[in-house]
Amino acid sequence: MSTINFANREINFKIVYYGPGLSGKTTNLKWVYGRIPEGRKGEMVSLATEDERTLFFDFLPLDLGEVKGFKTRFHLYTVPGQVFYNASRKLILRGVDGIVFVADSAPNRLRANAESMRNMRENLAEYGLGLDDVPLVIQVNKRDLPDALPVEMVRAVVDPEGKYPVFEAVATEGKGVMETLKEISRMVLGRVGSEA
Amino acid sequence: MVEPALVLYGATYEKALEALDELLRESGARYALLVDKKGFVLAHKEALWAPKPPALDSLATLVAGNAAATQALAKLLGEARFNELLHQGERVGLYVDEVGEHALLVLVFDENAPLGRVKLYGKRAAQALAELTKDALTSPSKLGLDTEYREGASALLDELFGN
């Protein structure tokens with residue numbers, strides 16, 4: 001599903017950050033934007049409300065560099081997490097190559113994590129995709145909360161079978177942010193050319 | 001995979017560029033882009049006289065997002081899609097038309113380009129490009145990107161994100 005442009009010798013991948021409202025998807029992207037040197041990133045686009053809640057999406061293009069003569073780029077997107085924005089959330093999933101699910105560690109957001117995961121499955125299904133068709137990484141964010149739930153408890157709710165890589169994170173401090181992105185990038189690249 | 005990737009290269013790509021170039025001359029627009037519906041730029045041309053364009057990645061992403069939202073809106077209203085979008089500001093306007101099922105033609109124009117010409121030639125070019133890109137749908141897995149590519153990319157990941 002990646003887009004390849006032979007004339008420019010460019011190959012593009014789309015990575016989407018999914019998860020419940022206020023779980024830290026935009027914070028992840030902002031941290032990445034701050035850490036990537038000039039020249040390797042494009043402009044970050046945010047379609048947000050006045051109180052900085054994501055309304056449609058955030059977008060950040062990253063240049064990996066040239067591999068075997070192919071310029072390789074990642075386009076990072078977030079979705080709006082709030083339940084009532086499902087129409088736009090679904091649009092962003094179109095053509096996705098890899099997903100980071102950002103789960104919230106707060107006890108009162110455990111249900112929201114489960115809801116969001118279910119919603120993601122439903123939205124993917126509308127594009128004819130199952131969870132096994134798209135590389136997925138779980139990020140358990142906000143580990144710095146004093147009443148944060150154990151990682152295993154959060155994981156049991158969004159990934160009961162323990163199938164996906166899990167990263168602990170404190171996105172506001174950048175902990176776990178680059179590790180998560182690196183893992184999903186690896187998984188996405190691992191799919192290139194390996195499918196029939 | 002459900003959504004085929006549009007792959008533009010070689011002669012098809014050259015022809016697409018020619019079509020965009022001709023469109024710029026005929027319509028008097030500043031920039032012409034062929035963008036896929038995921039928001040990636042497939043081909044673009046700028047008029048020589050035009051100022052430096054804004055970030056094309058941002059432009060393409062927003063246009064694709066906008067087109068997707070508009071299509072969802074059309075479905076809500078019982079239409080399969082709105083084929084043509086036109087945004088007109090005080091000085092600058094944006095014309096977007098469907099190029100087949102998977103791509104969009106984007107024209108950015110200013111007050112020097114008559115709207116009638118933009119629409120007329122835009123529509124024609126969109127049809128020509130749709131014909132041109134019809135055969136450009138390919139599965140990316142058939143492109144012979146191999147282990148060597150993956151290893152190279154992996155090394156770049158280490159470099160960019162640290163070990």
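Biologist: Which backbone oxygen does the side chain of R40(A) reach, and at what distance?

Modeller: The side chain of R40(A) comes to 2.7 Å from the backbone oxygen of L64(A). Bear in mind that this is a predicted model. A pair of N or O atoms has to lie within 3.5 Å to be read as a polar contact, and the R40(A) pair is listed at 2.7 Å.

Biologist: Where is R40(A) found, and is R40(A) buried or exposed?

Modeller: R40(A) belongs to the loop between helix 1 and strand 3 of chain A. Burial is read from relative accessible area, with under 20% as the limit. R40(A) has 18% relative accessibility and therefore counts as buried.

Biologist: Which residues does R40(A) touch, leaving out those up to four places away in sequence?

Modeller: In chain A, R40(A) touches P61(A), L62(A), D63(A), L64(A) and G65(A). The list also holds two residues of chain B, E159(B) and L160(B).

Biologist: Next, salt bridges. How many does the structure hold over all chains?

Modeller: The total over all chains is 22 salt bridges. To read one, look for a side-chain nitrogen of Lys or Arg within 4 Å of a carboxyl oxygen of Asp or Glu. One of them joins E52(A) to K30(A), with 3.5 Å between the closest N and O atoms. E52(A) sits in the loop between strand 3 (45-48) and strand 4 (54-67) of chain A, while K30(A) sits in helix 1 (residues 25-35), so the pair ties together parts that are 22 residues apart in sequence.

Biologist: What are the relative accessible areas of E52(A) and K30(A)?

Modeller: E52(A) has 57% and is exposed. K30(A) has 43% and is partly exposed. E52(A) also has a backbone feature to note: its phi is positive, near 65°, in a residue other than glycine.

Biologist: Which other residue has a positive phi although it is not a glycine?

Modeller: L22(A) has a phi of about 65°. L22(A) is placed in the loop between strand 2 (10-18) and helix 1 of chain A. With 55% relative accessibility, L22(A) counts as exposed.

Biologist: How many residues apart are E115(A) and R118(A) in helix 3 of chain A?

Modeller: They are three residues apart in helix 3 (residues 110-126), a separation of about one helical turn. E115(A) and R118(A) form a salt bridge whose closest N and O atoms are 3.5 Å apart. E115(A) is partly exposed at 38%, and R118(A) is partly exposed at 42%.

Biologist: In chain B, which residue forms a salt bridge with D110(B)?

Modeller: The partner of D110(B) is R30(B), with the closest N and O atoms 2.8 Å apart. D110(B) lies in the loop between strand 6 (103-109) and helix 3 (115-133) of chain B, and R30(B) in the loop between helix 1 (10-27) and strand 2 (31-36), so this pair ties together parts 80 residues apart in sequence. D110(B) and R30(B) are both buried. Chain B also has a network of salt bridges that links E84(B), D97(B), K119(B) and K123(B).

Biologist: How many aromatic pairs are there over all chains?

Modeller: The count is six aromatic pairs. In one of them, the ring centres of F56(A) and F57(A) are 5.0 Å apart and the planes meet at 55°, so the pair is tilted. F56(A) and F57(A) are both buried. Another tilted pair is F59(A) with Y77(A), at 5.1 Å centre to centre and 50° between the planes. F59(A) lies in strand 4 and Y77(A) in strand 5 (residues 70-78) of chain A, so the pair ties together parts 18 residues apart in sequence. F59(A) and Y77(A) are likewise buried. F56(A), F57(A), F59(A) and Y77(A) form one aromatic cluster.

Biologist: Which lysine lies over the face of Y77(A)?

Modeller: K14(A) does, at 4.6 Å from the ring centre. In another case, K41(A) lies over the face of Y33(A), at 4.1 Å from the ring centre.

Biologist: To finish, what is the secondary structure of chain B?

Modeller: Chain B has four helices and seven strands, in the order β-α-β-β-α-β-β-β-α-β-α along the sequence. Of its 163 residues, 50% count as buried.

Conventions: Residues are numbered from 1 along each chain as its sequence is written. Chains are lettered from A and ligands numbered from 1 in the order in which they are written. This is a predicted model: local features need pLDDT of at least 70, side-chain atom pairs count only at pLDDT 80 or more; totals for chains, interfaces and linings use all residues. Side-chain values use heavy atoms; hydrogens and water are left out. Helices (H or I, at least four residues) and strands (E, at least two) are DSSP runs, numbered from the N terminus. Buried means under 20% relative accessible area, exposed over 50%, partly exposed in between (1.4 Å probe, protein chains only). A polar contact is a pair of N or O atoms within 3.5 Å; within protein, one must be able to donate a hydrogen and the other to accept it, and residues adjacent in sequence count only if both atoms are side-chain atoms. Contact means heavy atoms within 4.5 Å. Rings of Phe, Tyr and Trp (its six-membered ring) pair if their centres lie within 6.5 Å; planes under 30 degrees apart count as stacked, over 60 as edge-to-face and the rest as tilted. A charge sits over a ring if NZ of Lys or CZ of Arg is within 6 Å of the ring centre and within 35 degrees of the ring normal.
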